[in-house]
Structures are given as C-alpha cells and as structure tokens.
Amino acid sequence: MIDLHTTATANGYKASIMLEETGLPYRAIDYDLVKGDNFKPDYVAITPVARMPAIVDHDAAGGAPVSVYGTAAILFYLGEKTGRLFPADPAVRAKVYEWVGVVSSDVGPAYSGQFAFNVIAPEKLPWALQFYDRLCTRMVGTLEARLGQSRYLAGGEYTIADVIAYPVAAVSMKRFPGHLDGHPNLARWAAEVGARPAVQRGMKVPH
Ligand SMILES: N[C@@H](CCC(=O)N[C@@H](CS)C(=O)NCC(=O)O)C(=O)O
C-alpha cells in the first residue's frame with residue numbers, strides 16, 4: 001500500500017493521476033494548507049520542505065518504507081517501480097527528463113508566481129502582474145509549439161511528462177481568459193489526455 005499525502009491542487013493531481021495510471025493500491029490523505037497541516041511534525045518528518053505532495057511506499061523493494069516528496073520525484077519513482085509511462089529507450093527517456101524538467105522548473109513556477117501575485121497578494125503590483133502574465137503566455141506557447149511537433153510531450157508515446165503537465169493545463173491555465181483558445185495543439189492534447197479514465201479518477205483525488 002502507498003500513502004499519498006496530498007491536497008486538491010494541480011501538484012496534488014499530478015501524483016494521484018500517476019497512481020491511478022499505475023494501478024498500484026494507495027490511500028489518499030487530504031491536507032488543509034490553509035490550516036498549515038503541511039507543517040505538522042509527522043508530515044515534516046517525510047518531506048524536506050514541508051510541501052505537498054509526498055508518498056510513502058510501504059511495499060518498497062528493499063522492505064523498509066520509502067518516502068518521496070515532490071511531483072517529479074514521485075512520478076519517476078513510480079515509473080521505475082512499475083515500468084509504466086517511463087520508456088526504457090535512452091533517447092525517449094532523455095525527452096521524458098527534458099519535458100518533466102520544463103514543466104517542473106519552467107512552467108510550474110511561472111504559474112505559481114502568477115497565482116501568488118494575481119490571487120494571494122494583498123496589493124496588486126502592475127509590474128509583477130505583467131511579468132508573470134507574460135511568462136505564462138510564453139510557457140503556453142512553448143507547450144503549444146512542442147505539441148505541434150509531436151503527439152505527446154516526449155514524442156509519440158504518452159509518458160510521465162504528460163502526466164505532470166496535464167493538471168497545469170486543466171487547472172492553472174484555466175485562470176486565463178479563453179483558457180486554451182488559440183492553442184489548438186495544446187487543446188487537442190489536453191482533450192486526449194483528459195479523456196483517459198485514470199486521469200479523470202486522479203483529478204478527483206482528494207476531491
Ligand atoms: N516543486 C514541488 C512544488 C510543491 C508545491 O508548491 N506544493 C504546494 C501545494 S501545490 C505547497 O505545498 N504549498 C504549501 C507551502 O509552500 O507551504 C512539486 O513539484 O511537487
């Protein structure tokens with residue numbers, strides 16, 4: 001059994017979609033970030049930065065439970081454990097690493113910043129709003145261009161890279177007027193990935 005410590009955000013859905021795709025047995029434990037649940041000592045003990053999501057694998061290869069924090073690490077770990085959505089061909093795997101990296105360290109932080117300045121900030125700072133809106137527009141364009149070249153992010157196969165990107169398209173990008181309008185390749189990909197039963201189940205965890 002795997003424990004999924006999660007919350008109903010784009011990052012949480014990345015982990016739950018991957019668990020649904022693998023078919024591994026798991027139970028979701030829902031955290032309330034507003035109440036600061038992520039700073040409780042039991043959770044801090046399994047994560048380096050007290051952020052969500054994390055998993056604890058009680059059926060790990062070595063026998064002892066293994067904890068893994070962070071969406072990219074969780075997806076790689078589960079991909080290696082099951083052989084699912086993580087192609088062995090080194091050339092394809094290199095593209096999986098590349099696009100998981102782009103989503104984790106380029107696209108994700110752009111939308112986190114956009115959310116912070118547009119939604120959380122008590123004062124709306126025009127420079128910051130424009131900076132993050134432009135950065136997000138650039139990131140949408142990056143994904144649109146890539147999906148104009150290949151069916152999925154890492155190439156012709158549905159992989160971990162698509163799992164990590166889908167909740168960004170379905171949740172974070174929705175904050176922009178028109179959502180995916182004007183991005184036909186991204187919209188085509190999002191419709192295809194979003195139709196997968198495992199993705200639909202994962203997007204409902206924890207709620
Ligand atoms: N790089 C991390 C980002 C995780 C993250 O930002 N988690 C947010 C929820 S979506 C969080 O736990 N925020 C609470 C906090 O920072 O205190 C990942 O990809 O998993």
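Let me begin with a convention: Ala, Val, Leu, Ile, Met, Phe, Trp, Tyr, Cys and Pro count as nonpolar, Asp, Glu, Lys and Arg as charged, and the others, Gly among them, as polar. On that basis, the shell around the ligand consists of five nonpolar residues, five polar ones and one charged residue. The model is predicted, with local features requiring pLDDT of at least 70 and side-chain atom pairs pLDDT 80 or more, while totals for chains, interfaces and linings use all residues. Residues are numbered from 1 along each chain as its sequence is written, and side-chain values use heavy atoms, with hydrogens and water left out.

Which residues surround the ligand? They are T9, N11, L33, N38, F39, R51, M52, P53, Y69, G70 and T71, where near means that a heavy atom of the residue lies within 4 Å of the molecule.

I turn to the polar contacts, that is, pairs of N or O atoms within 3.5 Å. An N or O atom in the side chain of T71 is 2.7 Å from a ligand oxygen. A polar backbone atom of M52 is 2.8 Å from an oxygen of the ligand, and for the side chain of N38 the distance to a ligand oxygen is 3.1 Å. The ligand alone exposes 510 Å², of which the protein buries 70%, by the Shrake-Rupley method with a 1.4 Å probe.

Next, the pocket. A pocket is an open set of points on a 1 Å grid over the protein atoms alone, where a 1.4 Å probe fits, with protein on both sides within 12 Å along at least five of seven lines; lining residues have an atom within 4 Å of a point. The ligand sits in the largest pocket, meaning that more than half of its atoms lie within 2 Å of the grid points. This pocket holds about 990 Å³ of space, a volume filled by probe spheres set on the points. Its lining has 32 residues, and T9, A10, N11, M52 and S112 are the closest to the centre. The lining divides into 18 nonpolar, 10 polar and four charged residues. Helix α4 supplies the largest share, nine residues; helices here are DSSP runs (H or I, at least four residues) and strands likewise (E, at least two).

Finally, the backbone. The peptide bond from M52 to P53 is cis, with omega near 0°.

Definitions and conventions
A polar contact is a pair of N or O atoms within 3.5 Å; within protein, one must be able to donate a hydrogen and the other to accept it, and residues adjacent in sequence count only if both atoms are side-chain atoms.
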